[in-house]
Amino acid sequence: MSGNEDVINMLRAETEANRAKWQARAPEVRAAARDARMAKDTWRQMSGLKLVFHEMASPGLRPFATGFGVCLLGAVAMQCSFSNEMKEKSLYWSTFHAKKH
């Protein structure tokens, strides 16, 4: 059991040392550090397009973002080229989207 007691005593001493450091630090300095942390716009505080553009700029997500963009442009191009004749011939379009008179 002495091994556990040594670890516990070491952690208690470390906790006391950290507590003493924080108490010695002025409240104004702590408030300034907190305000500096809160002023940064982290990904957790972002939403919408700002978050999307932030994630697209990430090096690990660039290939995914590029592929997503290509697929999105392809889908928009196909939708724009979908003529009225094609709509009439489409079973899906005529079943769910055609105006029924």
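**Exercise 1. Classify cysteine 80 by its accessibility: buried or exposed?**

Solution. Cysteine 80 has a relative accessibility of 65%. The cut-off for exposed is over 50%, so cysteine 80 counts as exposed. As with every value below, this one comes from a predicted model.

**Exercise 2. Determine how many disulfides the structure has, and account for cysteine 71 and cysteine 80.**

Solution. 
- Step 1. A disulfide is a covalent bond between the sulfur atoms of two cysteines. The criterion applied here is a pair of cysteine sulfur atoms within 2.5 Å.
- Step 2. By that rule the count is zero.
- Step 3. Cysteine 71 is in no disulfide, and the nearest cysteine sulfur, in cysteine 80, lies 16 Å away.

**Exercise 3. Find the salt bridge made by arginine 19 and describe the setting of its two residues.**

Solution. 
- Step 1. Side chains of opposite charge can pair when their charged atoms come close.
- Step 2. The partner of arginine 19 is glutamate 16, with an N to O distance of 2.9 Å. The cut-off is 4 Å, so the pair qualifies as a salt bridge.
- Step 3. Both residues lie in helix α1, which spans residues 2-24. They are three residues apart there, so about one helical turn separates them.
- Step 4. Arginine 19 is partly exposed, with a relative accessible area of 42%, and glutamate 16 is partly exposed at 45%.

**Exercise 4. State how many salt bridges the structure holds, and describe the one made by arginine 34.**

Solution. 
- Step 1. There are two salt bridges in the structure.
- Step 2. Arginine 34 pairs through its side chain with aspartate 35, at 3.7 Å from N to O. This distance is within 4 Å, so the contact is counted.
- Step 3. Arginine 34 is partly exposed at 44% relative accessibility. Aspartate 35 is likewise partly exposed, at 45%.

**Exercise 5. Locate serine 81 relative to the helices, and compare its sequence and spatial separation from glycine 60.**

Solution. 
- Step 1. Serine 81 sits in the loop that links α4 (62-80) and α5 (84-89).
- Step 2. With 46% relative accessibility, serine 81 is partly exposed.
- Step 3. Between serine 81 and glycine 60 there are 21 residues of sequence separation and 34 Å from C-alpha to C-alpha.

Definitions and conventions. Residues numbered from 1 in each chain as written. Predicted model: local features only at pLDDT ≥ 70, side-chain atom pairs only at ≥ 80, totals over all residues. Heavy atoms only, no water. Helix = DSSP H or I, 4+ residues; strand = E, 2+ residues; numbered from the N terminus. Buried < 20%, exposed > 50% of the residue type's maximum accessible area, 1.4 Å probe, protein only.
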